[in-house]
Amino acid sequence: MSAEPILKVENVTRRFGGLVANSGVNVEVRQGEILGLIGPNGAGKSTLFNLIAGAFPPSEGKFIFEGKDITNLSAPRRCQLGIARTFQVPKSFDTMTVIENVIVGGFVRHPGAAAARRAALEVLDFAALSHRANSPASELTPPEKRRLEVARALATQPRLLLLDEVMTGLTPSEARLGVDLVKRVRDQGVTVVMVEHVMEIVMPLVDRAVVLDLGRVLAEGTPAEVVRDPRVITAYLGERHRAA
Amino acid sequence: MTSAVLPNSVLANENAFASRRRNQLIIAGLIFAAVAALPRFVTDVYMQNVLILTLMFAALSQSWNILGGYCGQISLGHALYFGVGAYATTVLFVKYGVSPWFGMLAGGAMSAVLALALGWPCFRLKGHYFSIATIVIAEIGLLLVHNWDYLGGALGIQWPFGPDNWATLQFARDKIPYFYFALGLFIVTWLVTYFIEESRWGYWWRAVKDNPEAAASLGVTVFESKMAAAAISAFFTAIGGAFYAAFVAYIDPESVMAFRFSLLMALPAVLGGIGTLWGPAVGAAILIPITEITRSYAGGGGSGLDLIIYGTLIMVVALAKPEGILSIFRRSAKSENAS
């Protein structure tokens, strides 16, 4: 692991009217790691996620990606630089087939359609969706839609992949496939940040976890450190369970 | 993600896709050849006229489909670009003796630039709001031309009579050259669509239509994609307007810029299959003959009858096959490909 973090979130605040969704958040994402972004509902995980991907700008603070200030760059520009994301509620292109969905992402790296199609076929193979290549995206099952989200993001050949609750709602066996996919993505040299609130899935998978609560970073460390942290237990389970 | 050895499935998929594309082109070639032979069998001048208008509206709707069908930006103001093409060609030819061939390209370029200028504010609007803006802008254009003396105002401009020839696009005695021009224009717009469909713009437009937010996250520059679609669409719409001006040899604001034209460009695509390669042609082949024939049978007073028939057709399609007539065939084609 190189010393220079791939992404630095510096003092980021985001307000929606009177609501402060993120407040003075500082996070460093290390090259090549899987970082879990966890926290109870309403902790500001999704907001931080959207801010990193460039869906909307922060009220204050900066984002440094590979040494470059990307705070004012649009979402497509960030994608060109190597940041890709999935959506919590899958946003597939439903009038297109599965492979066409993936080809859209491929054009960031391949100007020609033939090259984009070939890259898409390889990505589908990687994400175990080859057999569905010519199906309309609207006909995929929910777990397949999640894999399509990941495949489409991978087609942009990211260096940082943001996964927004890709495991939520999956059965244990589907989740195992998902975990396997995330590990293989990391093995390709892609840094992964994942938002998840199914703790049993995230904790064994991630190298480090950042816990958000009420828009602030509550704790940070290895999964083992984080789950023992009394503040984290309180945030998740309430004051009463702290003694246990 | 680049592996040294491509799996066989990848190659098989690529080959299947390439042959599907080739077959589409061959079938299109056969259809174009069949249509080109039609004047041999249709000798009635009135029916020839119907054929010419059908091909022209197929080409126009094909152009509209680039922005409305592929990119999902429903314009109901394309009469504006049609009018720009018609007026640019007419004014350049009648007042300055410039060849209509050049005037046509000049009109196309003006339309494309106008589409970019109008797209700048309008593409910040979404869905119905965008459509309403296009209607209003086209109506403003119509009013401007009405009161613009240089463009002939409400009286319009008459093309001078001259000998039949291709240089001035004047064929007073025999309408068949117009038929081939209209067919040529349709083939060009079809080919443009065919090639763009399998290009970066083609994929990006469809992504923008389906989900702009997801598209942006995948590196699609949403605004630029809409602007490109608008410019290409406006360019070919203006070429159609230029053709129409030469064909009728007399234009006034109502005859080339009325709202009716905007509808006649959008409806064939909607009826046949929006965002599909053949939808506009299928829609035009149904709608335009109905329009022309009811107009001639019902006479001048019954000009509303064709609109009643469109309305009914659109309602039937919207209820039974919301994706257009072509979607009836698509299902079987898809399940075939899946094997």
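Asn11(A) sits in strand S1 (residues 7-16) of chain A; helices (H or I, at least four residues) and strands (E, at least two) are DSSP runs, numbered from the N terminus. This is a predicted model, in which local features need pLDDT of at least 70, side-chain atom pairs count only at pLDDT 80 or more, and totals for chains, interfaces and linings use all residues. Residues are numbered from 1 along each chain as its sequence is written, chains are lettered from A and ligands numbered from 1 in the order in which they are written, and side-chain values use heavy atoms, with hydrogens and water left out.

**Backbone of chain A**
- Asn11(A) is not a glycine, yet has a positive phi of about 55 degrees.
- Asn11(A) is partly exposed at 48% relative accessibility (buried means under 20% relative accessible area, exposed over 50%, partly exposed in between, with a 1.4 Å probe and protein chains only).
- Leu214(A), also not a glycine, has a positive phi of about 50 degrees.
- The loop between strand S9 (208-213) and strand S10 (216-221) of chain A holds Leu214(A), which is exposed at 65% relative accessibility.

**Chain B as a whole**
- Chain B has 14 helices and 2 strands.
- The radius of gyration of chain B is 21 Å, close to the 20 Å that the globule rule gives for 339 residues, so chain B is as compact as a globular protein of that length (the radius is taken over C-alpha atoms, and the rule is 2.2 Å times the number of residues to the power 0.38).
- Of the 339 residues of chain B, 50% are buried.

**Salt bridges**
- Over all chains there are 16 salt bridges, each a side-chain nitrogen of Lys or Arg within 4 Å of a carboxyl oxygen of Asp or Glu.
- One of them joins Glu198(B) and Arg117(A) at 3.6 Å, N to O.
- This pair crosses between chains, from the loop between helix H6 (176-197) and helix H7 (200-210) of chain B to helix H4 (residues 113-126) of chain A.
- Glu198(B) is buried at 17% relative accessible area, and Arg117(A) is buried at 5%.
- Arg186(A) meets Asp207(A) in a salt bridge of 2.9 Å, N to O.
- Arg186(A) lies in helix H6 (residues 172-187) of chain A and Asp207(A) in the loop between helix H7 (199-205) and S9, so the pair ties together parts 21 residues apart in sequence.
- Asp207(A) is partly exposed, with a relative accessible area of 29%.
- Arg186(A) also forms a salt bridge with Asp187(A) (3.8 Å, N to O).
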